[in-house]
Amino acid sequence: MLFGCSNNQKECIDNQINPNGDSELAIVMRNLFDNSLEIKSHIIELDTLKSNKLPSKLIEKFTYNLNLLHSAKPTDKNLRDDGVYQAFANAYINTSEKFTNNLSHKNFNVMVNNCIQCHEKFCLGTIQKINKLYIRK
Amino acid sequence: MKKSIYIILSCLIFSCSNQSKQVQIFGNQDMTEDGKITTKELLQTLSVQDSAFVKVEAVINSICQKKGCWMYVDLDDNNEMLVRFKDYGFFVPMEASGDTAIIEGLAKVETLSVEWLKHLKEDANAPQEEIDAITEPETIYSISEATGVMIY
């Protein structure tokens, strides 16, 4: 389990998707994507928007993963050196909270956009996938 | 007699182990090598059409050294092809450079931005001077959403 990742010195978690092992943060972000996809499927329904309520279990999972953005071990050990990642993460967390307090397609897309802005800086590869979260009219 | 059987068995075992290749499949687990084409055939195809859904056999030149999320494969003496994986849904072993792969997906010609080119160099642990030297977008062959990769 302690192999791969980056620089051969990371604690990586073995999994089905990545034969090199994934960092904790990579798994957190994958979970956030899955949570967001599930959220998207709920807010497509206008009733959910009207009630301004998502299933509590889903919000619980999403919030749990959001809270790990600042502590999970990253693939690149220097990620948090200059504070840029933290700023992006805070922006994403803030817009996520704004969305969960006030469910709307616009707020959801703002949240997705924040996610993409961070990836534009740190990891371009997954943007193609994140783009699929946008709610398009 | 016993000795002869032993020699024959040893030869059989040796020849088997010598020929057997460990095949690893990433992504589409139902992928087979049926219908695979060569890199020469791929280049011919892309010289007359914009894109083509292919299964192409090629040698891996380099792989993302951060997490195995992309690889360059050899097309000919002058060309490589960048392969990325659909929906970031699977990765390849970072130590597989030099191995042969069959890649399934839509092959095309695309232009990569400076940001992307720099990012790929960073992932490959290239020296900073090499990264800084990138100032122009580049047109490349790519499979940007490979659905399966077989490596042996």
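The contact between the two chains takes 13 residues from chain A and 17 residues from chain B, two residues being in contact if their C-beta atoms, placed from the backbone, lie within 7 Å. On the side of chain A that touches chain B there are four nonpolar, seven polar and two charged residues. In this classification Ala, Val, Leu, Ile, Met, Phe, Trp, Tyr, Cys and Pro count as nonpolar, Asp, Glu, Lys and Arg as charged, and the others, Gly among them, as polar. The structure is a predicted model, in which local features need pLDDT of at least 70, side-chain atom pairs count only at pLDDT 80 or more, and totals for chains, interfaces and linings use all residues. Residues are numbered from 1 along each chain as its sequence is written, while chains are lettered from A and ligands numbered from 1 in the order in which they are written. The model scores ipTM 0.79 and pTM 0.83.

Chain A has six helices and zero strands, so its elements, read from the N terminus, run α-α-α-α-α-α. Helices (H or I, at least four residues) and strands (E, at least two) are DSSP runs, numbered from the N terminus. Of the 137 residues in chain A, 30% are buried; a residue is buried if 20 or more other C-beta atoms lie within 10 Å of its own, exposed if 12 or fewer, and partly exposed in between, with C-beta atoms placed from the backbone. Among the contacts in chain A between residues at least 6 apart in sequence, 48% join residues at least 24 apart.

Two helix pairs of chain A can be followed in the structure above. The axes of helix 1 (residues 24–43) of chain A and helix 3 (residues 56–67) of chain A come within 9 Å and cross at roughly 150 degrees. Such axes are lines fitted to C-alpha atoms, for helices over the stretch in contact, and angles run from 0 to 180 degrees between N-to-C directions. The angle makes helix 1 of chain A roughly antiparallel to helix 3 of chain A, given that angles under 35 degrees count as roughly parallel, over 145 as roughly antiparallel, 65 to 115 as roughly perpendicular and the rest as oblique. The crossing of helix 1 of chain A with helix 3 of chain A is left-handed, a word used if the near helix is turned anticlockwise from the far one by less than a right angle, with right-handed used if clockwise. From helix 1 of chain A, Val28(A), Asn31(A), Leu32(A), Asn35(A), Glu38(A) and Ile39(A) meet Leu58(A), Lys61(A), Phe62(A) and Asn65(A) of helix 3 of chain A. This contact has five nonpolar, three polar and two charged residues.

In the other pair, the axes of helix 4 (residues 84–101) of chain A and helix 5 (residues 105–122) of chain A come within 8 Å, with a crossing angle of roughly 170 degrees. These two helices of chain A are therefore roughly antiparallel to each other. Residues of helix 4 of chain A that meet helix 5 of chain A include Tyr85(A), Phe88(A) and Phe99(A), and those on the helix 5 side include Phe108(A), Met111(A) and Phe122(A). The contact of helix 4 with helix 5 of chain A divides into 12 nonpolar, five polar and two charged residues.

Leu79(A) is found in the loop between helix 3 and helix 4 of chain A. Beyond its neighbours within four places in sequence, Leu79(A) is in contact with Pro74(A), Tyr85(A) and Phe122(A). Leu79(A) counts as partly exposed because it has 18 C-beta neighbours inside 10 Å. The C-alpha atoms of Leu79(A) and His42(A), 37 residues apart along the chain, are separated by 33 Å.

Chain B has four helices and seven strands, arranged from the N terminus as α-β-α-β-β-β-β-α-α-β-β. Of its 152 residues, 32% count as buried. Contacts between residues 24 or more positions apart account for 68% of those in chain B with a separation of 6 or more. Chain B averages a pLDDT of 89, and 86% of its residues score at least 70; pLDDT is the predictor's confidence in each residue, from 0 to 100. Over residues 6–19 of chain B, pLDDT stays under 50, and the model has zero contacts there beyond four places in sequence.Two residues of chain B deserve a look at their backbone. Most residues other than glycine have a negative phi, and most peptide bonds are trans. Phi of Asp87(B), however, is near 55 degrees, a positive value, and Tyr88(B) has a positive phi of about 55 degrees although it is not a glycine. Asp87(B) lies in the loop between strand 4 (80–85) and strand 5 (100–112) of chain B, and Tyr88(B) is placed in the loop between strand 4 and strand 5 of chain B. Asp87(B) counts as partly exposed because it has 14 C-beta neighbours inside 10 Å, whereas Tyr88(B), with 23 C-beta neighbours inside 10 Å, counts as buried.
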